[in-house]
Amino acid sequence: MKKTFLLLMLTLASLATWAQHTVSGTVTDSKTGETLIGATVYDTISKKGITTNQHGRYTLTLKGEKAVLRFSFVGCQPQFIEINLDQDQHLNVKLNSSVTLTEVKITGQRVQHVESSQTSLVELPVEQVKAVPVLFGETDVIKAVQLLPGVQSGSEGTSGMYVRGGGPDENLFLLDGVPMYNVNHLGGFFSAFNSDAIKNISLYKGSFPAHFSSRLSSVLDITTNNGNDKEYHGGLSIGAISAKFNLEGPIIKEKTTFSISGRRTYADALLQPMIALFTAGIGEKVNAGYYFYDFNAKVTHKFSDRSRLYASYYMGDDRIYARMRSGYSYTSKEYLNMGYNWGNIVGSLRWNYELTPKLFMNVTGAYTRYRNDLSLGIEAISQYYKEEYTLGFKSGIQDLTGRVDFDYMPSPDHAVKFGGQFLHHIFTPETNSLKAVDSTNGVYANIDTLIGQSMVHAEEMMAYAEDDWQINDWLKVNAGLNFTGFAVQGVFYPSIQPRLSGRILINDRLSAKVGYAYMTQYLHLLSNSSISLPTDLWVPVTARIKPMNSNQVAAGLFYNLMDSLNLSIEGYYKYMNNLLEYKDGASFFGSSQGWEDKVAMGRGWSYGIEFLAQKTVGRFTGWLGYTWSHTDRKFDRENNIINQGNTFPAKYDRRHDISLVLTYKFNENIDASLSWVFSTGNACTLGLQEIDPYEGEQYIDDYYWYDETISYISSRNNYRMPNYHRMDASVNFHKKLKYGKRTINISVYNLYNRQNPYLIYSSTEYYDFLGGSSRVLKQLSIFPIIPSISYSWVF
């Protein structure tokens, strides 16, 4: 009996020793109070670890009597905390920024670049984005992302993104988890993201986790700053074409914070003297201009260690205006008026709560609106009559979103996510209005007509579940399932989308990864141009136009060198179905009327190899990226024939893309950056053959041909533009002041004045006085070497 009792006591003691206990909390920056996304929490005894989520939270369930936890984040000093595992614990940790980033070692753990099961993911530090030299010195998130392998830009200087053979409408842009539809200003030359408001940037190019949906090619996930919870900070900046500000601080210290930032161009003010000069000679008075602005605001409230509330708001607009006096006499005046506004509003309210130490919940409600509004008017006024005529054009899209996400951590080997989302879309394809007012000799007449398609309402729903499973020391798998459905005009499209990625750890610094994702997209962007125009329209799928879908596989090797340099090489293959292209001879000019008859559905495929070497720590940082890729399209279905059913290259099919970004910090007062890009020229469609109706066919020789002929286009995208390459450079001069620090930035865009092609067009050249002429291809280049200077002050 005594032996049985002793054995029972030993068994209970053993079970107590190996009982599991959970440690959870939030990792923040000790100076600012900002939550740290992707910080690593690692137990040096059990060799188990986890990274913080989008809200800086972690949960780690461990066995044993005690644990020695190591908290680390790039740019911060690691912190070790020893705890006894005798009960569940809530442990918040504040990490100190490193005095110098020269040698911030990330040892004692497997580097996240190698350890993660996620492939086709690039984390881009905000400080690196700010260091990239760009046009007019305007820091631009998307321009920096374009320099990554697998991502191609559109035309010269624009912010369009073409990821792994996909189109510009196949990218999901998330601002604090809420989609944005138009992310460009000035036709795409600047993006809508103000870098001063951004905390974290993540780009997914494939192997999408199950909690993402609705786009085929990429997800750009951007998180904004919460605000400093201890003291007030801010800054002002004045550049060549814009000025911006940011301000953050506590409303209630360590409880409620705010962060606001704004930017506005003053191109309209700069244009006024030139407009006055040009119109002075003709005696006409013109008031015209263009500007854009962005405004970000965020308030965060901490109810407790387990509960937080976030309210985020973004508003951005482009505006073109003109008022010209076109006729004048002593008895009458005539005016021409034009106004064009387009932009976004994004608002969200998020509440997250720790239901248990192992279960975390985030609830989101959001509103998104994109609209464009064009008005053209004529006004005539005299002592006898008044006439007004106004023509208007409006279109847009609105979303109402409800979403709930759960993070469940049953053990260190499992990170489970599940949740759902409901979106109500309101499409306004286009509305045309005509207003006329005529008052002649006291007789008043008024016409007010509204013409256009009625609003289209659609519902999109999504549910998902995924598990990031550490099977053993060397094998980790992320498996998930995403279900979406789309209901519009009596039609319902369901889609089940499996997602799978895995990692094999070869050693502490080298891993092999593979991933697969099936994606479905229910929205299309109707556009007639390679640049972003406000007349581009978002339209939903219909009974005739099916959802787009893609299958993508990717595999690669990931290596970490000396705790500071991440290397990766990936290969991918993507097959896309139900892609849209305009039929031969069809076009779109701001009207969706009959758009289904103008487009064809087909398929496409893209494959390539990407290499990336990225250094984010030390005085010398930057990255080198290279992409070899091939992208084709084929439209050979009945009533959907393009290019006679033959395969043709996509417009942005480029065989080679190289990008190099280098930043060096000489000392606390001076740092410099250099970037260089090279890419194969875009494909375009040109008539490279001329047919003489009387004498037969004549071919181009050195791009010249005889006039009085008919251009013959042999195939779509049959001409390759010249290769593109450019170098940019910038230098920052910092100086500490009595209050804050000032920085003078000098940057040069297109340093060696390369004349890159914006477009190729045909023209007639006359070579003698008798009228002899020939046709020649000419190149339009819009950006020569452009120096700029800006001044900023932070406190």
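Biologist: In which sense do strand 12 and strand 13 pair?
Modeller: This is a predicted model, where local features need pLDDT of at least 70 and side-chain atom pairs pLDDT 80 or more, while totals for chains, interfaces and linings use all residues. Residues are numbered from 1 along each chain as its sequence is written, and side-chain values use heavy atoms, leaving out hydrogens and water. Strands are DSSP E runs of at least two residues, numbered from the N terminus, and two of them pair if DSSP finds at least two bridges between them. Leucine 175 has valine 178 of strand 13 as its bridge partner, and the three bridges between strand 12 (residues 171-175) and strand 13 are antiparallel.

Biologist: Nice! Which strands stand at the edges of that sheet?
Modeller: Five strands make up an open sheet with mixed pairing, in the order 9-16-17-12-13. Each edge strand has a single partner, so one of its sides is left without a neighbour in the sheet; the two are strand 9 (121-123) and strand 13 (178-180).

Biologist: By how much are neighbouring strands of this sheet turned against each other on average?
Modeller: Axes are lines fitted to C-alpha atoms, with angles from 0 to 180 degrees between N-to-C directions. With direction ignored, the average is 25°.

Biologist: Which strand gives the largest share of its lining?
Modeller: Lining residues have an atom within 4 Å of a point, and here there are 40, with Gln146, Ser153, Val677, Tyr724 and Arg726 nearest the centre. Elements giving two or more residues include strand 10 (151-153) and strand 49 (724-736). The largest share, four residues, comes from strand 42.

Biologist: And how much space lies in the second largest cavity?
Modeller: Among the 18 residues lining the second largest cavity, Asp176, Thr224, Asn296, Ala297 and Tyr313 are closest to its centre. Its space is about 120 Å³.

Conventions:
1 Å grid on protein atoms, 1.4 Å probe; cavity = no way out; pocket = protein on both sides within 12 Å on 5 of 7 lines; lining within 4 Å. Points joined across faces, edges and corners; volume = space filled by probe spheres on them.
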